[in-house]
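Trainee: Before we look at the model together, could you take me through how its features should be read, one kind at a time?

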Amino acid sequence: MIMKKIDISARINGIQLSSCIMNASGALCTTGQELSDLLDSSSGAIVTKSCTRQPRKGNIKPRYFEWNVGSINSMGLPNLGIDFYLNFLEEKKTKKPVFLSISGLSIEEIFFLLKKANFSSKITAIELNLSCPNLQEEILGYDLYKIYDFLENVFKFNEKPLGIKLPPYFKEEYIKNMSLILNQFPIVFVTCINSLPNGIFVDPRNETSVIQPRNGFGGIGGSIIKPFALANIRKFYTYLRKDISIIGCGGISYGKDIFEHILCGASAVQIGTQLMKEGISVFERLKKEFTLFLQKKNYSSINSFKGKLKNLQ
Ligand code: DHB
């Protein structure tokens, strides 16, 4: 039997990835060692931990917990500060696309970070995180009025490929209106979705919550959030300009989950909770599983099924 070559490379607007699978920001991408391991892995790109102007220790521990189908976190943006990430990337020679994730604590800080990132030749694109669920400030991604003004100011100076990490939306109206705003700007991609904000996991034996910060409330990730990720990807795919790519994030544990994300409209995918659970070897396993899945389906590349989810007739 002649085997067709399966191509799982991806394009995010102009950015070429050798594999459509990368890490999600926050998962094993904070320290130099973690980033080096990601660079050496078979992922198609790397995303850095969302950074701030100054280094941050983050919230009190325990601040991350996982169970069979999910995870909860209230990390509080522990990161080494933007200068660390820019310097680290200066020193590394890599062909792998690098997405610098940025998450300021105020609008002013975000502008500062964006301007700094614009001066670095080592980053391929910026993933602007407008959806961190663990800070006192509201989630900017939920404030459509502020976002329009904000983006207008960003694109007065920004020249780097820029994508936005979005929170999950639970109403079509929100996704439609958000798309109407995003479509007016030269945005390159959106990442759907960040963790579901304000969940709680209870340990019934101890009668406690399982993470310490914010009385146990935190962002929920893992396979239980996959239906929400898929729904957001699907809706954004129908409303966004076709040259804005979607990076799917949320609930990918197996190769078939990647297929589902792409079928709903994603051009590439990110792995968060499963990377935390399994470590760096997750990329090899997922690549194998996804390739085998496509082979069985007789698809030879992503573009043959991207966005083509059918309605049940
Ligand atoms: C953190 C969590 C997030 O989901 C995010 O998008 C940014 C930061 C955190 O708590 O560190």
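**Reading the features**

Mentor: Let us begin with R214, which is partly exposed, with a relative accessible area of 28%, where buried means under 20% relative accessible area, exposed over 50%, and partly exposed in between (1.4 Å probe, protein chains only). Please keep in mind that this is a predicted model, in which local features need pLDDT of at least 70 and side-chain atom pairs count only at pLDDT 80 or more, whereas totals for chains, interfaces and linings use all residues. Residues are numbered from 1 along each chain as its sequence is written, and side-chain values use heavy atoms, with hydrogens and water left out.

Trainee: Which peptide bonds are cis, from K61 to P62 and from C192 to I193, and in which loops do P62 and I193 lie?

Mentor: The bond from K61 to P62 is cis, with omega near 0°, and P62 belongs to the loop between β4 (46–47) and β5 (64–67). The bond from C192 to I193 is also cis, with omega near 10°, and I193 is found in the loop between β10 (189–192) and β11 (196–200).

Trainee: How many salt bridges does a search of the whole structure find?

Mentor: Side chains of opposite charge can pair when their charged atoms come close. The criterion is a side-chain nitrogen of Lys or Arg within 4 Å of a carboxyl oxygen of Asp or Glu, and the search of the whole structure finds 12 salt bridges. One of them joins the side chains of E172 and K235 (3.3 Å, N to O). That pair links distant parts of the chain, with E172 in helix α5 and K235 in helix α6 (residues 226–239), 63 residues apart. E172 is partly exposed at 36% relative accessibility, and K235 is partly exposed at 30%.

Trainee: How far apart are E289 and R285 in helix α9?

Mentor: They are 4 residues apart in helix α9 (residues 282–297), and therefore separated by about one helical turn. E289 forms a salt bridge with R285, the closest N and O atoms being 2.8 Å apart. R285 is partly exposed, with a relative accessible area of 23%. Elsewhere, salt bridges that share partners join K226, K256, D257 and E260 into one network.

Trainee: How are helices α4 and α5 placed, parallel or antiparallel?

Mentor: The axes of α4 (residues 144–154) and α5 (residues 172–182) come within 10 Å and cross at roughly 15°, the axes being lines fitted to C-alpha atoms over the stretch in contact, with angles from 0 to 180 degrees between N-to-C directions. That makes α4 roughly parallel to α5, because angles under 35 degrees count as roughly parallel, over 145 as roughly antiparallel, 65 to 115 as roughly perpendicular and the rest as oblique.

Methods. Helix = DSSP H or I, 4+ residues; strand = E, 2+ residues; numbered from the N terminus.
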